[in-house]
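Visitor: I would like to learn how to read a protein model feature by feature. Could you take me through one?

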Amino acid sequence: MSDEQKKIVPIDYTHRDFQSIKEDLLEIAERFYPDNFQDFSEASFGALMLDAVAYVGDQLSFYLDYNVNESFLDTAYQQNNVLRHGRVLGYKHPGRASTYGKVALYVLVPASSTAVGPDSDYIPILKRGTRLSSTGGLNFILIENVDFDNPKNSVVVAKVDSTTGAPTHFAIKAYGNVVSGQFGTEQFTVGAYERFKKIKLSSPNITEIISVFDKEGNEYFEVDYLAQDMVFKEISNTNFKNDNVPSIVKPYLVSRKFVVQRDSRSAYLQFGNGKSGETNVVANPQSVALDIFGKDYVTSTTFDPTKLTKNENYGIVPSNTTLTVNYRMTNPSNSNIAVGTLTSVSNARVDFKDRTKLVTSKAQAIVESFEVINEEPIVGDVSNISTDEMKMRIFDTFPTQNRAVTQADYENLTYRMPAKFGSIKRCSVQKDPDSLKRNLNMYVISEDQFGKLTKTNSTIKNNLKIWLNHYRMINDTVDILDPFILNLGIEFSVKASAGVDKYSLLDSCIKALSKKYATTFYIGEHFYISDIYQELKNVRGVLDVVKVKLVNKSGTGYSGVELSINNNLSPDGSYLIIPKNVILEIKYPSVDIKGKVS
């Protein structure tokens, strides 16, 4: 039989794993090189060559699959790559979230000459930027000036003269809002002009850029996108005492600007491409006109197109200078704290009406007398979101287009609120069934210091209200409400396979369910009992799942909300129907999940 009559067996190029590549190579060697290679035992040189080539092929296939997968948002796995895809679709990663809360502040002020009240000259103003500390070493910053001379403040006698009984000092109580973290500063030496220069900040957990200045005193402003040329500056209101408005907002055109970009670990300052001092950036039509017959002058016949790339539309890039960047970074660990744990004023920034009238020793004693306590927990969403959850937020961002029309738009904008304003763990927007207009009920929930669900405090709600007001439809009204937290327990009974240790099997079942329900539920998300059966069946050693039961958990540490399990089961009993204003939580898995093995 001639060579042309031989059957040609095609090579299967879809084989990409080590074993299949090795088998294909062995088949090729046996078919085409039967006289050269005959020994393919495990210890032979031929087997070594086949293993080496198959290994290289397997590695190349892996990296090929990896690169292709990371090129698309649907299949990307690395968080930094997901964020890159998100930036293309308009998603801005908020970074690590801050926590906000309200604190009670106390100060000791000397009595006036008549001893009927505190001396008004010594009543201080605790300025924003004052640093506070918790018992666990977490840092917080006062975000507003607290005037202790406000008539709404509580004033009580603190010290009296032991001889006359007349008051010598009064204690004044006031309230202020705080945010987690502390301030930091970095300086960067910038060289020659560079288009779209990017600077990496070395400190982790940066949530807010306070200011950026160069050594010439020029200020660079943070914008949402480099084409934006107007920002709103906050200016102190000199008429604050009369109209009770602390600041005035004024529009301000900026040519020096930057955007903040983030990856999973770091923050970057991204500048534009404008060159300071560059003149005639855009060509003058008269200087590049055609040389027409009859003209008594000669026009310029050269034009440098690179000048167009140096225009100031995207902002002036700093060059040959030193940048000073002031920022706020949040705590590296969980910033949620319980009631009564914020107790120390670490660095008080104090001002008085007229320091020239004061005795220095008395003024210093007032500064040292400040005390603080948080009467309510300081909470927010401080857990990092998963890659899958980030993808869902990116997909929701693109159709939102920076406006809130649908219920999904409102939810997406809530999750996109900048980290410096706080963060929400879960959000659900529902149309108010009792309203004849476009009234929406927004349910939001946060986490406490242990990662358990708790009500969102008023400070974060107020920030959220202001944030949404920029995007909502003019005829929409939004009520920000607290959902009910429903604590459930799981009771199950399984049958063990022969020879399986029952105590170890029970522990494995509880661990499997605890891992299954470690992720926080969504507000109004139904609870599928069938998932429990499936999860228990997958535990090695379980022969059959006999029974699964849901129970309400109540008592100390639980929310106290109960739901009739039997009346809210689906017709087939496969899932528990949850109202739209309720969120489920298995609060203490080691206690709330109980089982029996037979």
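Guide: What follows is a conversation about this predicted model, moving from the whole chain to single residues.

Visitor: How many helices and strands does the protein have, and what share of its residues counts as buried?

Guide: The secondary structure comes to 11 helices and 29 strands, and of the 598 residues 40% count as buried. The accessible surface is about 34100 Å², of which 52% belongs to carbon and sulfur atoms. Among contacts between residues at least 6 apart in sequence, 73% join residues at least 24 apart.

Visitor: Which residues of the largest nonpolar core touch the most other members?

Guide: A core of this kind is traced by joining buried nonpolar residues through side-chain atoms within 4.5 Å. Here the largest one has 36 residues, and those touching the most other members are Ile490, Phe527, Ile532 and Leu536. The elements that each give two or more residues to this core include the strands β21 (439–447), β24 (484–496) and β26 (542–552), together with the helices α9 (502–516) and α10 (529–537). The largest share, seven residues, comes from β24.

Visitor: Which residues is Ile532 in contact with, once its neighbours within four places in sequence are left aside?

Guide: Ile532 is in contact with Ile490, Leu513, Tyr517, Phe527, Val548 and Leu550. Apart from this core lies another, of 27 residues, with Leu126, Leu142, Ile337 and Leu358 among them.

Visitor: How should I read the strands of a sheet?

Guide: Strands of a sheet pair through backbone hydrogen bonds, and they do so either parallel or antiparallel. One case in this model is an open sheet of three strands in the order β5-β2-β18, with antiparallel pairing. Its edge strands are β5 (146–147) and β18 (350–351), each of which pairs on one side only. Strand β2 (residues 125–126) pairs with β5 over two bridges, and the bridge partner of Leu126 in β5 is Val146. Leu126 is also one of the residues in the 27-residue core.

Visitor: Where does the model show a hairpin, and which turn residue has a positive phi?

Guide: Strands β10 and β11 form a hairpin with four residues between them, and Gly217 in the turn has a positive phi of about 95 degrees. Strand β10 (residues 206–214) and strand β11 (residues 219–222) are antiparallel and share two bridges, with Val212 standing opposite Tyr220 in β11. Two bridges also join β11 to strand β14 (residues 257–262), and that pair runs parallel; in this pairing, Phe221 stands opposite Lys257 in β14.

Visitor: What span should helix α1 have, and which of its residues are buried?

Guide: An α-helix has 3.6 residues a turn, so residues three or four places apart point the same way. For the length, the 15 residues of helix α1 (residues 18–32) should span 21 Å at 1.5 Å a residue, and the end C-alpha atoms are 21 Å apart, which agrees. Its buried residues include Ser20, Ile21, Lys22, Asp24 and Ala29, and the buried residues of α1 pack against α2 (45–70).

Visitor: Is Arg393 buried or exposed?

Guide: Arg393, which has its place in helix α6 (residues 387–400), is buried because its relative accessible area is 8%, and the cut-off for buried is under 20%. Not counting residues up to four places away in sequence, Arg393 touches Tyr91, Ile385, Asn412 and Tyr415.

Methods. Residues numbered from 1 in each chain as written. Predicted model: local features only at pLDDT ≥ 70, side-chain atom pairs only at ≥ 80, totals over all residues. Heavy atoms only, no water. Buried < 20%, exposed > 50% of the residue type's maximum accessible area, 1.4 Å probe, protein only. Contact = heavy atoms within 4.5 Å. Pairing = 2+ DSSP bridges. Expected span 1.5 Å × (residues − 1). Areas by Shrake-Rupley, 256 points an atom, 1.4 Å probe, with all protein chains shown as cover.
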